[in-house]
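The sequence and structure come before the text.

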Amino acid sequence: MRKLSASLFILIASASALFAAWIPISDYDERTVFSSPALLASLDDRSIPFGIELKGYADMDMLNFISNPASVLQDAAEYVRTYLLDQDDQYLQDNYDAIRDIFQFDGQFPDFSEDITENSFLIREYLEDRFPTLRSGNKALAASRALSSSLGIYPEDTSSLIGGDLDFSLRMYGGAVRNGFAWNIGMGLVYDGADSILSSISFEDRKYGSDLYFTLGGDLGYGAYIGDSFAIGLSFSPDFIFSTTISNTDLVTSRIDGSLLGLFANNAFDFGLGLDLNIGFMIDAGEAKILMDFRNIPSISMNWYFNATDVLMGFNLITDENIYFVPPDAAIGFIYDHGRWHLKGEISNIIDQFIWSSMVPVYKFDILSVPKFSVSYDILSDLSIGVGYEYRSVILSFMWSGLKAEFRAKLDRVGFGVSVGYEF
């Protein structure tokens, strides 16, 4: 059944490529041995009847936003005030209605005047004298309404103004490795938050924000030696995906209003079929292994969607003409095991970042996301500790028998993450 579904998906994708737009999306998959499938050739036979893993990360801006959104949005409100004060008289005259909408909660915002000098004077007087006296809650409302305004007040990269990153995932799985062949079946719930709660990036007809995924699928992989020290591997991962994207406008408004329903009221909900393909090569020198992997070639999905408002008017499933893909990437890595010491390293996320930056102009290449490495030490045969680095984060890990726990801290902002997993 899985082979039939995958074949049908490939046929549909091929036919649709003639008229569909290709939209890049983030890679939400957990990095496993299937990301470096040549390693399967060197693994001992093993079985994992059931495994579970829970991960979470939040920076301080998001934690403070959850507890008290008004305090976090004060800098954003000041940015809005300063931005408008810096505009000339003609701008304030031409955009009066949009500016008025930002401050519609305040009955003392000045009425429109046909005289351009008087109109700009009254608006500036309001911003300089009246706005600073408002309570923090009203200032937060202004910051929130500026996010949904057509004026484009906030800069393209808002992470320097305010953070607000939140990620979590729950993954359950089971699988086995035998004679180089491996399989895995699992399900996952993933919340992939935007880097900033004021981010409003868009491309084509897709608005990027915080993505919520439910996935159900599996992995098939095979690795084999060609000669004594060279191995090649292939992995194939079909998935059923149910997802929705929460815009930051809805996120901020929902938290200020205290309404959970506001997170989803304007959303489209997608049902999709996804397909990932990875190819890997390995040079095995005993204690040391060198890896070369080509990932997400391709990693695509096709969706059918419905809007939340359609539910009230009768369920209507619509075919999404876009094809969504995770940009392909290449990785060079190594593994070194010597006694109780274990080292891993990788250089990756170069090609995919170039693709992102070429397609989405506001995307910035991040050199600090390219290197990844980890070092672990076996205190006992079934107990080890480790330290590592990836994606601007330092990671401390603890492994005991089937239990693994990690603590993660960001280098460029105050944020913390933890993960706990157990394999039975």
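## Aromatic pair and cluster

Tyr-96 and Phe-109 are both buried, where buried means under 20% relative accessible area, exposed over 50% and partly exposed in between, with a 1.4 Å probe and protein chains only. The model is predicted, so local features need pLDDT of at least 70 and side-chain atom pairs count only at pLDDT 80 or more, while totals for chains, interfaces and linings use all residues. Residues are numbered from 1 along each chain as its sequence is written, and side-chain values use heavy atoms, with hydrogens and water left out.

A pair of aromatic rings is described by the distance of the centres and the angle of the planes. Rings of Phe, Tyr and Trp (its six-membered ring) pair if their centres lie within 6.5 Å; planes under 30 degrees apart count as stacked, over 60 as edge-to-face and the rest as tilted. The structure holds 25 aromatic pairs. One of them, Tyr-96 with Phe-109, is tilted, at 6.0 Å centre to centre and 45° between the planes. This pair links distant parts of the chain, 13 residues apart: Tyr-96 is in helix 6, and Phe-109 is in the loop between helix 6 and helix 7. Helices (H or I, at least four residues) and strands (E, at least two) are DSSP runs, numbered from the N terminus. One aromatic cluster is formed by Tyr-96, Phe-103, Phe-109, Phe-112, Tyr-126 and Phe-131.

## Surroundings of Phe-109

Why does Phe-109 count as buried? Its relative accessible area is 3%. Not counting residues up to four places away in sequence, Phe-109 touches Tyr-96, Ile-99, Arg-100, Phe-103, Ile-123 and Tyr-126; contact means heavy atoms within 4.5 Å.

## Nonpolar cores

In soluble globular proteins, nonpolar side chains tend to be buried together. A nonpolar core is here a set of buried Ala, Val, Leu, Ile, Met, Phe, Trp, Tyr and Cys residues joined through side-chain atoms within 4.5 Å. The largest such core has 37 residues, and Leu-73, Phe-103 and Ile-197 have the most contacts inside it. At least two residues of this core come from each of several helices, including helix 2 (60–67), helix 4 (74–85), helix 7 (116–130) and helix 9 (248–257). Helix 8 gives the most to this core, with five residues.

Phe-103 is in contact with Leu-84, Phe-109, Tyr-126, Leu-127, Phe-131 and Ala-142, leaving aside its neighbours within four places in sequence. A second, separate core has nine residues, among them Ile-25, Phe-203, Tyr-324 and Val-360.

## The cavity

On a 1 Å grid over the protein atoms alone, a cavity is a set of points where a 1.4 Å probe fits but cannot get out, and lining residues have an atom within 4 Å of a point. Grid points are joined across faces, edges and corners, and a volume is the space filled by probe spheres set on the points. The count comes to one cavity of 30 Å³ or more. The largest cavity holds about 250 Å³ of space. It is lined by 23 residues, of which Ile-25, Tyr-28, Tyr-213, Ile-241 and Ser-301 are the closest to its centre.

Strand 7 (210–225), strand 8 (230–246), strand 9 (268–284), strand 11 (299–307) and strand 12 (318–325) each supply at least two residues of the lining of the largest cavity. Strand 8 gives the most to that lining, with five residues. By class, the lining has nine nonpolar, seven polar and seven charged residues.

## Backbone details

The peptide bond from Ile-297 to Pro-298 is cis, with omega near 5°. Pro-298 is placed in the loop between strand 10 (288–295) and strand 11.

Asn-179 is not a glycine but has a positive phi of about 55°. Its loop runs between strand 3 (166–178) and strand 4 (181–192), and Asn-179 counts as exposed because its relative accessibility is 59%. Asn-349, also not a glycine, has a positive phi of about 60°. Asn-349 lies in the loop between strand 14 (341–347) and helix 11 (351–359) and counts as buried because its relative accessibility is 8%.

Methods. 1 Å grid on protein atoms, 1.4 Å probe; cavity = no way out; pocket = protein on both sides within 12 Å on 5 of 7 lines; lining within 4 Å. Nonpolar A, V, L, I, M, F, W, Y, C, P; charged D, E, K, R; others polar.
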